[in-house]
Amino acid sequence: MNRLVLKSKANEILFSYRKYYENTLFVVVLISAVVSLVTGFLSSFFIPVLVTVIGNVVNLVFGHGRYVASLKVSKDQNIDAQEDGFAGAKNFKNLFGTYAIMGLMTFAISFVIAFIGLFAYGMSNLGNLTDLVRELDYYGTGVSVNSLNVLGSLLVFILFVIILISIAILYFRCCTVLVPYLLEEKGIKNFNALKESNRMMKGYKWDYFMLLLSYFGWMILGVVISMVTSLIIGFIPLGLLTTFITTIINGYINIMLYNAHLSLTETQFWFALDEIHNPKPIEVNEVVEVYEEHNIEE
């Protein structure tokens with residue numbers, strides 16, 4: 001699958017609909033910021049992990065608006081920032097089950113890898129970790145060289161586990177990237193949507209990974225800008241509002257940098273795969289036209 005062709009199509013669409021499309025994506029960012037604000041507030045009263053998982057699922061549902069907008073502009077249809085930006089919220093009931101499965105599976109992948117990794121490390125280094133805890137408890141900040149080595153190896157192992165989790169989640173995304181389009185275009189929901197997405201992505205996961213990789217530089221730039229923005233705004237004592245403002249600013253920056261273009265390119269990827277797996281039947285009129293053109297040439 002030619003990435004340059006997909007990106008070229010995305011460029012053409014973005015050139016025609018940039019203002020309306022980016023405004024719609026910004027509405028989705030505002031909704032996400034509100035959800036994050038509510039999630040942060042509720043985490044103070046309920047189990048933080050549970051609230052975070054639920055908040056992520058709700059964000060997935062509300063974020064469906066960007067797929068609706070991407071499909072519309074790709075079909076040369078007009079979009080409305082308010083109507084399409086809130087498409088996920090308006091269709092919450094039908095979308096929640098599918099996105100809940102995706103959100104829970106993402107959490108399960110992260111939890112299982114982290115638990116197995118840290119459990120294995122803990123069992124193999126139980127004695128050293130016990131000595132480290134005792135020294136920290138007895139000496140405070142002062143520990144032996146051996147304990148420092150143990151602490152260093154633990155930090156390296158945690159970094160390794162984080163990398164493993166990132167790879168697993170990336171692979172899961174490669175398997176399920178078509179789920180929103182199957183929901184919107186085909187009406188396929190829940191586990192059936194995940195299965196169908198995985199089926200259609202067989203043989204094309206590497207193509208999608210390379211497509212994502214082509215935006216890696218922009219993603220890194222977005223992360224750096226987000227870190228700087230968060231650091232600057234962090235000095236303003238606004239409590240939860242700091243996170244709210246940061247989410248909005250960083251979301252808008254990422255839309256401008258790469259997110260709008262990436263979303264449209266992913267949509268072109270969907271259209272290409274849908275054409276491969278579900279080729280449109282040739283109309284009788286088209287056959288007649290080809291036949292007549294052939295006779296005229298003769």
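A salt bridge here is a side-chain nitrogen of Lys or Arg within 4 Å of a carboxyl oxygen of Asp or Glu. With that in hand, Arg66, Arg173 and Glu266 can be described as linked in a network of salt bridges. This is a predicted model, in which local features need pLDDT of at least 70 and side-chain atom pairs count only at pLDDT 80 or more, while totals for chains, interfaces and linings use all residues. Residues are numbered from 1 along each chain as its sequence is written, and side-chain values use heavy atoms, with hydrogens and water left out.

**Salt bridges**

- Searching the whole structure turns up seven salt bridges.
- One of them joins the side chains of Glu266 and Arg66, at 4.0 Å from N to O. Glu266 sits in helix α13 (residues 240-277) and Arg66 in helix α3 (residues 65-74), so this pair ties together parts that are 200 residues apart in sequence. Helices are DSSP runs (H or I, at least four residues), numbered from the N terminus.
- Glu266 is buried, at 2% relative accessible area, and Arg66 also counts as buried, at 18%. The classes are buried (under 20% relative accessible area), exposed (over 50%) and partly exposed in between, with a 1.4 Å probe and protein chains only.
- Lys75 and Glu185 form another salt bridge through their side chains, at 2.8 Å from N to O. Lys75 belongs to the loop between α3 and α4 (81-85) and Glu185 to helix α9 (residues 179-186), so the pair ties together parts 110 residues apart in sequence.
- Both partners are partly exposed: Lys75 has 38% relative accessibility, and Glu185 has 32%.
- Within helix α10 (residues 190-200), Glu196 and Arg199 are three residues apart, or about one helical turn. Their side chains meet in a salt bridge of 2.6 Å, N to O, and Arg199 is partly exposed at 37%.

**Nonpolar surface patch**

- A nonpolar patch on the surface has about 1,100 Å² of accessible area together, and its members include Ile47, Leu50, Phe107 and Met123. Patch residues have over 30% relative accessible area and no salt bridge, with nonpolar side chains (Val, Leu, Ile, Met, Phe, Trp, Tyr) joined within 5 Å and like charges within 9 Å. The areas come from the Shrake-Rupley method with a 1.4 Å probe, and for residues only the protein chains shown count as cover.
- α2 (48-62) and α6 (92-124) each supply at least two of the patch residues, and α6 gives the most, with seven.
- Ile47 lies in the loop between α1 (3-42) and α2, and counts as exposed at 55% relative accessibility.
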